[in-house]
Amino acid sequence: MKVGLFIPCYVNAVYPQVGVASYRLLTSLGVDVDYPLEQTCCGQPMANGGFEKDALRLAERMEQLFEKYDYVVGPSASCVVFVKEHYPQLLHKSGHACLSSRIYEICEFLHDVLKVNKLDAYFPHKVSVHNSCHGLRLLHLASPSELVEPRYSVLKDLLSLVEGIEVFEPKRVDECCGFGGMFSVEEAATSVCMGQDKVRDHISTGAEYITGADSSCLMHMEGIIRREHLPIKTLHVVEILASRKQSSHL
Amino acid sequence: MSSHAKAAEKFIADRERTAWHDQALYFVREKRDRMAQGVPEWEALREMASRMKRHTISRLGYYLEMFERHATANGVHVHWAKDAEEHNRIVYEIIQKHGGKRLVKSKSMLAEECGLTPYLEARGVEAVESDLGERIMQLMGTPPSHIVLPAIHVKREEVGKVFERELNTELDNSDPTYLTHAARKSLRQNFLHADIAMTGVNFAVASSGAFVVCTNEGNADMGTSFPKVHIAIMGLEKVVPDYDALALYVRLLARSATGQPSTTYTSHYKKPVEGQEMHIVIVDNGRSDILANAAHVNMLKCLRCGSCINTCPVYRRTGGYSYSYFIPGPVGINLGMLKSPEKYAGNLSACTLCHSCSNVCPAKIDLAEQIYRWRQDLDGMHLASKEKKFIDKGLKFVMERPSLFYAAIKAGRTAEHMPRFVLYNRLDAWGIGRELPDFAPETFNALWKKGKVKE
Amino acid sequence: MSSRDDILARLQAHAITPEKRPEMDFKPLAFDNPVEQFERILKVAGANSLRLEPGQDVNDLIRTAYPEARTIASNLPGITCATVNPDLLDDPRALDGTDVAVIRGEFGVLENGMVWVKQQTRYKALFFISEALVILLDRRALVNNMHEAYARPDFDDFGYGCFIAGPSKTADIEQALVIGAHGARAVTVILE
């Protein structure tokens, strides 16, 4: 099984450690991981802003970059679901899209494909799970609070394999944090207000970290935390899943 | 800056009020969740309700004619109005024929859509709103801010002040029970002495000719109990095939709207009583055009329950008046665009694409997906925001050129701020309440090239 | 062309592909102990319920429930505690100020506490205008849900009918629940 690592633009630039943790986590599970060089962006920011057609060249490039892999795995639910849901229609004219059927968000991959039930992870901290909207309502990483269906959570399942961890969820368990791509700047006042509310909800769990499968939400909340010097930090869930007892990372 | 963003900024400036508004609506959303969880077949019910709507929409003319035939046989006068103007004229002519001067009306978003009350008042007909929330708004002289909870943005003290002035209530008494009962007493006189009653229509049953009006207060029924004329107005999408179909919607409506198992009164009007005249006005006003719009035809499934509004995290924090269309939230964003993109495109930014609306909708309307689609259409309609387009083009240019992308990161890192296209104009909005993220010393790409990832 | 024909023509011209009517593919809510469930759900709707036991006089029950009532309006035979027969009034406005109205319900719905009442009085105002409403209901006439309610063979046999679930209420001021917006401030369902 050959896995191509999909590292979204802002992870590449701002959170490379999330990529490193993804690589280490997957290889520790015996997966053959490769990173096709010179990746940039999947095109989601343009599309959500209303310029889907400007994502076309990027989609074609993504298809090309990841052509030779059995699976493509990325540490960002939002970007993955964009590729999955929108590439087929976007690439409809210029050829067939096959990436959409092979791409997985990393937690989904661990949970549903590798079916991981044991991890050597150690993280003796309290964390509050951030259920990102696209992870939840489009990628189905957990049961959304609006739906009447059996409760499940891929992230909580995986975090339960981590030694020493205490897992919490905010009171409004899946309220949007207000990032929303271009929304974050076009509706800045609302976006910040939503982010502040969300961070406070996470803080009230008593957690030391907010963790989730979307670095974009985490980046937005981190911006608020740093501005207001709030007593909580953000950490991508793969960084926790990849933490080892000797890890010097934290 | 979009019209919504501008108005939202003002609303949010009062953080305490924003938090209060958000909490009040979230409370309704939670009640809705509890109701849904109490019905194990909820998702199957939504699915069937959605498909039943699709079926009905695909035979709208057939069912409307069937409804008309049965209603007429029941002794009801059926009228058809192409647009708001014709609707208003028909209503006024009925009132005039009976020499009506005092109309008592229950809540109708269609009346709001058609601007009926000002139309009638300009012609000397007093139109009194009888739903408490609507009455509060009428006395305050402002429109409702929500389609089910018209006064949800108003604080009890503000209601108290208005009632002091208009209903002579006690000074500084803002107790909701006291104020509600004061309105009860005052409106009782309006009910008793009105000469025309008006209601909306929640559902019109084609197989029977009956129409259903749902209220909690009993104002529709009180209103229609005394005058000799009852005028009911309905958008043409309100027709349902029969009682089996109606069962689906009655089960879903109140649970979704206010988190109650049912409304207190689910009234079924079929035949006028002796000495009374009953009229129904079936209104198009753009609805038949929605039918031709494949990407947005699902909007005709809407029950106007307001659950998408209550769950919308943007609406809860920005209030109904931040939207330029008279219906706020996800449903209003979409209906506004169907009404006039030129006028209402400014609401499209009011969405994070969190998709909660699509999950709560009892008719499973793809509300968020439609907002996404509208955004794609804006550029072609020359309505895209210039700033956003600039950002988009900048992103496209850089992202399509990997070497430029990595060079830009490098430049950003050394200059300790984002490249210019990122910082252009409104993008500095990020800094309003957030710190900008720092670029890492090395990108993942660079780490990989140097073999540092595999270490 | 009339507006009617114009609208119908537009609907025809814009028609989407006909969709088949869906079949019900789920089993709706049902309850094991109907009377207990009905009493529970009536409470949720803000209504009281009383059981009329064999040998008891319904008039005593009404009197005990509303000892202060001065005017009791009903056209039902056997309601001897009634002080007014509303059908004999020339004007429904004369009902304003009624303390208690006693009417008959056709059946109750277990999933939501609704009672189906058909206009069996000269003025339907009676259902709404009194301060309190007493609904007499056969305790064997309970259906599980709205599907069953609307499927009753005689359902469409009405000129005016209303599902009533408890007293009139509103939460239009700050979402604070207030009983008695315009209609009855109290509802008692007597299960016979």
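1. Strand E3 (residues 71–74) of chain A runs parallel to E4(A), and three bridges join them. Strands here are DSSP runs (E) of at least two residues, helices are runs (H or I) of at least four, and both are numbered from the N terminus; two strands pair if DSSP finds at least two bridges between them.

2. A word on reading this predicted model: local features need pLDDT of at least 70 and side-chain atom pairs count only at pLDDT 80 or more, while totals for chains, interfaces and linings use all residues. Residues are numbered from 1 along each chain as its sequence is written, with chains lettered from A and ligands numbered from 1 in the order in which they are written.

3. Now look at the whole sheet in chain A: it is open, with four strands in the order E2-E1-E3-E4 and parallel pairing. Strands E2 (32–34) and E4 (103–105) of chain A are at the edges with a single partner strand each, so one side of each has no neighbour in the sheet.

4. Next, find the contact between chains B and C, where 70 residues of chain B meet 67 residues of chain C (contact: C-beta atoms, placed from the backbone, within 7 Å). Helix H10 (residues 176–193) of chain B gives the most to chain B's side, with nine residues.

Methods. Two residues are in contact if their C-beta atoms, placed from the backbone, lie within 7 Å.
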